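Hi,

Here is the structure I promised to pass on to you. Have a look at it first, and then read my notes below.

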Amino acid sequence: MISFEVNGERREVHASPWKRLLDVLREELRLTGTKEGCGEGECGACTVLLDAEPVNSCLVAVGQCADRAVTTVEGLATGDVLHAVQRALVTCGGAQCGICTPGIAVCASHVVDRGLITGVPDVEARLVVRELLAGNICRCTGYQLIVDAVITAARETEAAR
Amino acid sequence: MTEYARPRDIDEALAVRAQHADWMVLAGATDLMVTANRKAVPVGILDLWRLPGLGGIAVERGVDGKELVIGAGATWLEVERAAVILESSWRPLALAAREIGALQIQARATLGGNVGTSSPVGDSLPVLLALDAELEVASVRGRRRVPYREWCTGYRKTQLAADELIIAAHFPELGKATHTTWRKVGTRRAQSISKVMGAAAITVEGGIVTDARIALGAVADRPIRITAVESAVRGVPLSLAPDAARAAMRTAIKPIDDVRSTAAYRRDVAENVVARFLSGILS
Amino acid sequence: MVNQPRANAVGTSLPRVDGVAKVTGRAAYLDDYDLTGVLIGQTVRSTVAYGVLEAIERDPAFDWSDIVVVTAADITGKNVVLLIEDDQPALVPIGGRVMHVDEAIALVAAPTRARAIAAAAAVKPKIRALPPVLTMAAALAADTKLYGETNVYKEFLIRKGHATDAELEAAIASADELIEGTYDTSAQEQMYIEPQAMQAEWRDGRCHIVGSMQCPFYVHKAMKALLACGPDDVIIAQSVTGGGFGGKEEYPSMLAAHVALLARRAGKPVRIVYDREEDIAATTKRHPARVHHRLAVNAKGEPVAIDVDVLMDGGAYLTLSPVVLSRGVLHAAGPYRCPVTRIRGRVVATNHPPHGAFRGFGAPQTTFAYERQIQKLARSRFEDPLALRSRLALRSGDTTATNQLLGASVGTDEVIGAIERVAGPRPARSGTRETPSGTIGVRRGRGVAFYFHGAGFTGSGEQRLAGRCTVAAMPGGQFEVRSSSTDIGQGAITIFVQLAAQALGVDPSLITVVDPQTDKVPDSGPTVASRTAMVVGGLVERAAREVRERMAAGEPLPVVTKQYEPPPGIEWDDATYTGSAYPVYGWAACLVDISVDLDSLEVQVDRCVHAVDVGKAINPVIVKGQIEGGTLQALGWALLENIVYKDGRVANASMTNCIVPTFADAPEIETVIVEVPYPFGPSGAKGVGEIPMDGPAAAVANAVEDALGCAFDSIPILPEVVAASRPKWSKL
């Protein structure tokens, strides 16, 4: 039995410690927001936060999560209030087919919540965002509107602080 | 079902390792878990992720002055954010860390993993060679140090014994006259496998190259020091060193064609990269 | 009837209606559906490129008790995945030919994925290997007959302004200058981030199929033939689809066949979701092409004759090759005036996995050739590349290579003008760049391209499709739009809501677009060919208007279905391939500035400007997203993306080795949306989905040539290619 925190709640699963965290989230916990795009850690569609850092959940053995904290896309919103990056992805047109979107939302939430572009002028900030999100592949958008969304969310969050 | 052990400290980890040589040693798992669902299920997992005592990045007093010690469990994200590395001539470690995969990989991949897997395209490995790192490994039988230049014994083969774990890498202090540098040429700007990458530590005194350690990856079955080039530039004025390096590079490596690139390209680019290690100091 | 608030009218960037579901992870893709009681399917594939299937053996040591196995013998109808012809089987029958590596031989289903993978490995096809045909040259030589006597799936010959080859050669001979070149473009993987996925269940004697797809009625048609059943006995539903780009136009029919067969045998629902490696290796890719182009011009540089010979590799089965070739040849002479043009095309059979639809659909391949040629003409004349294109370009009143007289909505001057306005001075040819290793030298270049893309199906295609769409007034002041158009990321649902809301005069929140399912929606035609906004959107608009009129006249809950009506003046001759090939064209121009790293020989795109005439942007942000996404796919195709074949097998079938651009590879793309309205499109809209893919690759090759002084006539322009070209570089 493996016990760990998911989106702020203690969860317990019966699974082999070798089972991928991605599969435990989707199958045992029925949190299907986290997606599988490649199984190799290349596409980032499976991105979750593990102890507050973005990781590919297809490369985490669930045994390693015992007594640790995982945040998935389902944990970004607070009740009915979307996270700033989620709102911005909608208003800026940063989601098209949407399959990469949860992974991007999770990774971008880390960028925004940690203030990783606070005080960085926009032109440079766009390059920083591109580097930080380079582990998330999107085939639909060409990335531009996603960068717009992350900058928008970051500036909104900075202003509110 | 796969067994699982999460030791509380290094000694416990060594005990488990000694008892279960067939268990998979897992830290960041970014290599070992690729396509995990189609791999053979391990009989057991020895989980070293965030093992107390195995992480850490610090400058300590060593035998010959200061040394940088990076724990085998330190992630590349920690390395690239460590001020003590960024603001020093150990900086190529941070530069290499930043180009390993992407953020999600850097947040999990560890120095110990890179060193243990010993892939010919392991991005940090030429840096360990150029910075003349020394590995600290341990088992229940005791601890030992291995100069990293002696570590790789073949294609993905190292000196690590079946009951040993990698504990840390030690990097000697470099003098002010030593310039260090790094370059990766991959398949794209991020999340890329290297076609050619390397690192160098070049000591220049009075305009003359007095010492050179030049290491390349992705051009052989293991990371290598290009001793032919090192000899060619030692004692040479820095202004003439890039050309001397080019000449020596022409016969120094035997890269291969593979699905990602060609031998001809690797040879060309390796020559440019190595020459730039030297000419970059001039500017 | 409520007047709609201005903010929700056509032409505004209404946030996509499925946006919140997608950013919260609540949108359910096929593999998110509950797996209770569902078996997992796996495909047994050939490891041989060409041969004869002699037997299918099973490992007797394996525990088969919980495994379902299906072979061709289990097919009750026709063993075919019906598309244009019925040459492609769903499963290779014993004694039948194996035509490509990774061709489906047998299927297994098991209670778990691990068991399914193990079972598939325990099925052993016995194939007698034969020497495969792996090049277009070998296909044309036809020593081995893969298809008919000639291995040619389809050929075209289009003549304008001449009747015989001798006349054409005379026109060429009379020219002042001849620019001639051969251009090679590579296969390209769509790399939708959601792999192919499908599930089938038999209930009440009917087959219910749901999955990731672009064209539910294509799947429906194919299943009727495979299962030998009537139209009501199989129901196809589209689940939320994580990208298609053409890769889910025809391939889903194969996957639907597989899950349907397994589910029937198992008596339980069966789901197949492809591994990424399997998806890359086994499913369709862009047709590789070789285009030979002769451009004969007079002293003023105006074309007097154009001769294009297009050769494409169709792979092992015909699939959509005739249509891909068709679009390729119809665009091959380019958007330039020329009195005499001959366009020949052939698509041939080889033992590669079949190639298929991918955004652009033949036009990117021929656009690459003609825009390289025009570039060479500009260089030869020392003329500004944009100014030359503007001089030679087609405009309203000109005729195309098929003798189509261009009428309204030709945005030539607008798109070229948009680029000219923002281009600015060209970057210095020689420069430096700071890197962590020091300062490296770079060489810089600029390239442009100008191109067009026919919207909708060719010629009388839209009439034959006879697409239909229904708008229904529902109780409670709500409305439903029913069409088979699928949202695959391009925002089809959202623009239909906008069009319907505007036409009905109501708030968009009152409109629901029904999930496409073949028993619930009319066949609007496939979601392809840049037709969804223009053709189906037009039907939505017309149906909605009539619903509004009827409600105004007192009818309580009208339901209106509209069928496609061609605009006047579309005449097309299929035999000679002349006339109005498309009802209207999109027009575009792009500018690309690149720099070449002189140490690594990598080409970096420093700047990309793309101006696209879309007629009318129903939703500007969605249009921007289409342009940016298509542009980056084209830049990737030009510089990074490649399929490596070894003995007919895809050797780089993983996301690690079959790469696409990341955030860090993508330049900032400056998009200019140009609107030259099309009178027969909804609010003036024509197509936008594909045109952004057509031109940027040529612009990149033109830019690299500008930087280095030698020609780059094939893509991808990998660093290895740049490095090898060094002896040919011009001096600075």
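In this predicted model, chain B is split into three domains: domain 1 covers 3–47, domain 2 covers 57–172 and domain 3 covers 178–282. The centres of domain 2 and domain 3 of chain B, taken over C-alpha atoms, are 20 Å apart. Where these two touch, domain 2 of chain B brings 24 residues to the contact and domain 3 of chain B brings 25 residues. On the domain 2 side, the elements of chain B that give two or more residues are α4 (92–98), α7 (125–130) and β8 (152–154). Of that side, α7(B) provides the largest share, with 5 residues. By type, the residues on the domain 2 side comprise 14 nonpolar, 5 polar and 5 charged.

Now to chain A. Its elements are 5 helices and 5 strands, and along the sequence they run β-β-α-β-β-β-α-α-α-α. The C-alpha atoms of chain A fill a box of roughly 50 × 35 × 25 Å along the principal axes. For 161 residues, a compact globule would have a radius of gyration near 15 Å, and the 15 Å of chain A agrees with that. Buried residues account for 66% of the 161 residues in chain A. Among the contacts in chain A with a separation of 6 or more, 63% join residues 24 or more positions apart.

Chain A also touches chain C, in a contact that takes 39 residues from chain A and 42 residues from chain C. Which helices of chain A each supply at least two residues of its side? They are α2 (84–91), α3 (101–113), α4 (122–132) and α5 (144–160). The largest share of the chain A side comes from α2(A), with 4 residues. That side divides into 20 nonpolar, 13 polar and 6 charged residues.

I would look at α5(A) next. At 1.5 Å a residue, its 17 residues should span 24 Å, and the end C-alpha atoms of α5(A) lie 25 Å apart, which agrees. The buried residues of α5(A) include a run from Gln144(A) through Leu145(A), Ile146(A), Val147(A), Asp148(A), Ala149(A) and Val150(A) to Ile151(A); Ala153(A) and Ala154(A) are buried as well. What do the buried residues of α5(A) pack against? Their partners are α2, α3 and α4 of chain A, together with α15 (620–639) and β28 (669–674) of chain C.

Enjoy exploring it!

Best wishes

Conventions. Residues are numbered from 1 along each chain as its sequence is written. Chains are lettered from A and ligands numbered from 1 in the order in which they are written. This is a predicted model: local features need pLDDT of at least 70, side-chain atom pairs count only at pLDDT 80 or more; totals for chains, interfaces and linings use all residues. Domain bounds come from an automatic or database domain assignment. Two residues are in contact if their C-beta atoms, placed from the backbone, lie within 7 Å. Ala, Val, Leu, Ile, Met, Phe, Trp, Tyr, Cys and Pro count as nonpolar, Asp, Glu, Lys and Arg as charged, and the others, Gly among them, as polar. The expected span of a helix is 1.5 Å times one less than its number of residues. A residue is buried if 20 or more other C-beta atoms lie within 10 Å of its own, exposed if 12 or fewer, and partly exposed in between; C-beta atoms are placed from the backbone. The radius of gyration is taken over C-alpha atoms; the globule rule is 2.2 Å times the number of residues to the power 0.38.
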